[in-house]
Amino acid sequence: MTRSLPENLLHERRAIRTLTLPGLIRLVTEIDDNGPISHRRGSLQGAFGDLTAGQLRHAIDVARDLGLVHADEQAPDRYRLTVSGEALAEVYDTAARWARARQFPDTSTDFVTRVQHTLQLRSRSPQAFGSSLEPSAPHQVLTDFLQANPRVLNHTDARSAQERAEAGRAA
């Protein structure tokens, strides 16, 4: 006998799965760290040379759908973070700091993988966080972000072939 999960937990797990797409993590943190991406020829591919065109397009589409990135074809700054995008960048930074301090999932893990594994802990076991240093920092910022951004929780997530490909390691 299988028990179904409560609707809110299913929405949260889908949101976490979307927020941990490597291309999305890269896009949000790149803009957060280095500022808006301009229209200059090659600036987009230059910043994300290790992502395929499909992975990058998917990340941009998801970011726009979730209201994380403002894209303006006419403005000099083609892609810039919205307030929600800036809040998500803080979630990613907090998760990465938490993971780095604990060498999670291991000592030689990159930023994207740390963020993915840390946020996915929340979807596997809400009680997975905990230590005397930061008892629930990633859990709390993620919860705060999801509460402040219901659009992310309510985003319908039909797992496409592109998302399955994107679920791999991008960095």
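Select helix α4 (residues 53-65) and display its side chains: Q55, L56, H58, A59, I60, V62 and A63 are buried, where buried denotes under 20% relative accessible area, exposed over 50%, and partly exposed in between (1.4 Å probe, protein chains only). The helices and strands cited on this tour are DSSP runs, numbered from the N terminus (helices are H or I with at least four residues, strands are E with at least two). The model is predicted, so local features need pLDDT of at least 70 and side-chain atom pairs count only at pLDDT 80 or more, while totals for chains, interfaces and linings use all residues. Residues are numbered from 1 along each chain as its sequence is written, and side-chain values use heavy atoms, with hydrogens and water left out.

Next, consider the length of α4. Its 13 residues should span 18 Å at 1.5 Å a residue, and the end C-alpha atoms are 18 Å apart, which agrees; the expected span is 1.5 Å times one less than the number of residues. Just after α4, select G67, where phi is positive at about 75°.

The axes of α2 and α4 lie 8 Å apart and form an angle of about 70°; axes are lines fitted to C-alpha atoms, for helices over the stretch in contact, and angles run from 0 to 180 degrees between N-to-C directions. The two helices α2 and α4 are therefore roughly perpendicular, a term that covers 65 to 115 degrees, with angles under 35 counted as roughly parallel, over 145 as roughly antiparallel and the rest as oblique. On the α2 side, select G23, L24 and L27, which meet A59, I60, V62 and A63 of α4; contact requires heavy atoms within 4.5 Å. By class, this contact comprises 6 nonpolar residues, 1 polar residue and no charged residues. Here Ala, Val, Leu, Ile, Met, Phe, Trp, Tyr, Cys and Pro are nonpolar, Asp, Glu, Lys and Arg are charged, and the others, Gly among them, are polar.

Remain in α2 and centre on G23. With 0% relative accessibility, G23 counts as buried.

Proceed to S84, in helix α5 (residues 83-101). S84 counts as buried at 19% relative accessibility. Beyond its neighbours within four places in sequence, S84 is in contact with G67, L68, F145 and N149.

The buried residues of α7 are A137, P138, H139, L142, T143, F145 and L146.

Then select the loop between α5 and α6 (111-124), which holds P105. The peptide bond from F104 to P105 is cis, with omega near -5°. Q103 lies in the loop between α5 and α6 and has a positive phi of about 50° although it is not a glycine. Most residues other than glycine have a negative phi, and most peptide bonds are trans. At 49% relative accessibility, Q103 counts as partly exposed.

Finally, show the whole chain. There are 9 helices and 3 strands, in the order α-α-β-α-α-β-β-α-α-α-α-α from the N terminus. Of the 171 residues, 43% are buried.
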